[in-house]
Amino acid sequence: ELVASLLSVAFSPLIMPLMLSVTNPVMKNAHRPKTTSAIMKVAQKLRREFIPPLTFSKICEKQSENALPISQHYTVSFGIFQYLFNKFHLFLLALPPKQWYTYACKLLREREALKKNECFDVEITDMNFLGFGIAKVDGCVLFVSGAVTGDTARVRVIKVCRTYAVARTERILVPSKHRVEDGCAVSAACGGCAFRSVDYAYERTLKDASVRQSFVRQGLREVDVAPLAGDGRVDRYRNKAQYPVRRAADGKLAIGFFAAKSHRVLACADCPLQNPAFAPIVAEIRAFCEAHEIPAYDEETGHGLLRHIYLRIGEATGEVMLCLVLCGKSLPHADEFVARITEKFPAVVSVFLNHNEENTNVVLGSDFTRLYGKPYIEDILCGVRLCITPQSFYQVNRGAAELLYGKAAELAALLAF
């Protein structure tokens with residue numbers, strides 16, 4: 001960028017004669033009109049707005065449709081050329097002035113075509129690694145939440161950026177062959193599962209393509225990407241859950257997960273990804289808290305007691321750890337709580353309180369109080385028995401962790417020889 005800018009300044013005295021030499025043969029006897037406000041508006045926008053970078057070949061492919069007469073674009077040609085020169089650098093010197101000016105105007109028209117809250121019927125042609133469907137409207141790229149490759153959908157624009165727009169799916173008009181039922185009541189609002197509506201075979205294809213494209217973007221096209229490995233589970237594989245607790249508008253406890261890009265809790269005790277042992281425990285905690293009027297934490301005021309419910313399970317042993325995250329020092333009726341939980345759920349072998357009184361988004365505080373049982377739960381990973389404390393890092397997908405360690409051991413053995 002620095003070199004290009006210096007060249008632009010250094011060669012500015014030479015560019016104007018070059019431009020005049022290109023346009024003068026056409027305009028030798030032409031009257032130079034006064035610059036209209038519309039032309040000046042385009043010129044000002046070009047100077048202050050970003051135009052996405054393009055390759056030389058792509059610009060050359062564009063047609064000079066709806067081009068202004070040469071006499072009109074002459075009046076602003078040098079100013080616009082300087083702007084585009086700074087953006088696209090030296091290769092623009094090889095283009096006719098009419099061609100780059102016309103394409104710049106076309107970009108502005110396309111970018112201004114979309115407005116927030118407009119609805120369009122679009123065909124989803126691809127998906128990105130975040131799970132957004134990709135479509136185009138009048139040349140502008142739309143990233144559409146809740147859409148799958150092959151869908152025909154009615155979408156609503158929710159955000160317009162300089163080079164793209166973001167939309168959400170309002171209605172599926174024609175479903176894709178890759179679309180499946182997501183099996184989750186809050187998936188649309190939660191946004192935690194990017195590919196929940198995509199069949200597993202196509203999800204693997206998308207992830208393989210994402211890995212390959214990551215190498216291509218770094219100029220590494222000849223990379224041998226190994227096939228994706230999996231343990232075959234698409235549901236119920238997470239061995240850990242953290243449920244935020246808040247007071248809902250109806251006065252009841254909301255226990256579940258945060259809605260996308262917010263701290264609004266969606267009531268959902270049974271996420272399809274979580275271990276099935278968790279949901280009934282959460283339901284029992286809710287009943288206990290409501291019976292004893294234990295207040296949920298309020299982020300805005302900093303008042304309230306119960307912030308999160310934190311659960312872990314050792315899949316190989318079945319042992320469950322329960323931890324309540326409090327904005328306070330103690331839990332009312334703690335002995336009754338422990339007796340109630342351990343009687344109904346014998347798999348719970350460890351009960352903790354975590355104390356987090358800070359105004360923070362971090363879930364756990366640094367201090368723990370053990371109310372019952374062992375200071376850890378046990379699990380077996382790759383044949384090794386592990387002790388897992390509340391603070392321990394442990395892969396939430398045990399099956400994937402075993403695959404990962406197994407592949408690392410295999411490659412280490414190869415390298416050893």
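This is a predicted model: local features need pLDDT of at least 70, side-chain atom pairs count only at pLDDT 80 or more; totals for chains, interfaces and linings use all residues.
Residues are numbered from 1 along each chain as its sequence is written. Local features need pLDDT of at least 70, side-chain atom pairs count only at pLDDT 80 or more, totals for chains, interfaces and linings use all residues, and side-chain values use heavy atoms, without hydrogens and water.

The largest nonpolar core holds 41 residues. Such a core is a set of buried Ala, Val, Leu, Ile, Met, Phe, Trp, Tyr and Cys residues joined through side-chain atoms within 4.5 Å. Buried means under 20% relative accessible area, exposed over 50%, and partly exposed in between (1.4 Å probe, protein chains only). Ile309, Leu324 and Phe337 touch the most other members. Elements giving two or more residues include β7 (240-247), α8 (278-291) and β10 (306-313). Helices (H or I, at least four residues) and strands (E, at least two) are DSSP runs, numbered from the N terminus. The largest share, six residues, comes from α8. Beyond its neighbours within four places in sequence, Phe337 is in contact (heavy atoms within 4.5 Å) with Ile285, Phe288, Leu322, Leu324, Leu331 and Val351. A second, separate core of 15 residues includes Phe120, Ala135, Val155 and Ala167.

The disulfide count is zero, with a cut-off of 2.5 Å between cysteine sulfur atoms. The sulfur of Cys161 lies 8.9 Å from the closest cysteine sulfur, in Cys140, too far for a bond. Cys161 is buried at 19% relative accessibility. Cys323 is buried at 0%.

Ser262 sits in the loop between β8 (253-258) and β9 (265-267). Ser262 is partly exposed, at 26%.
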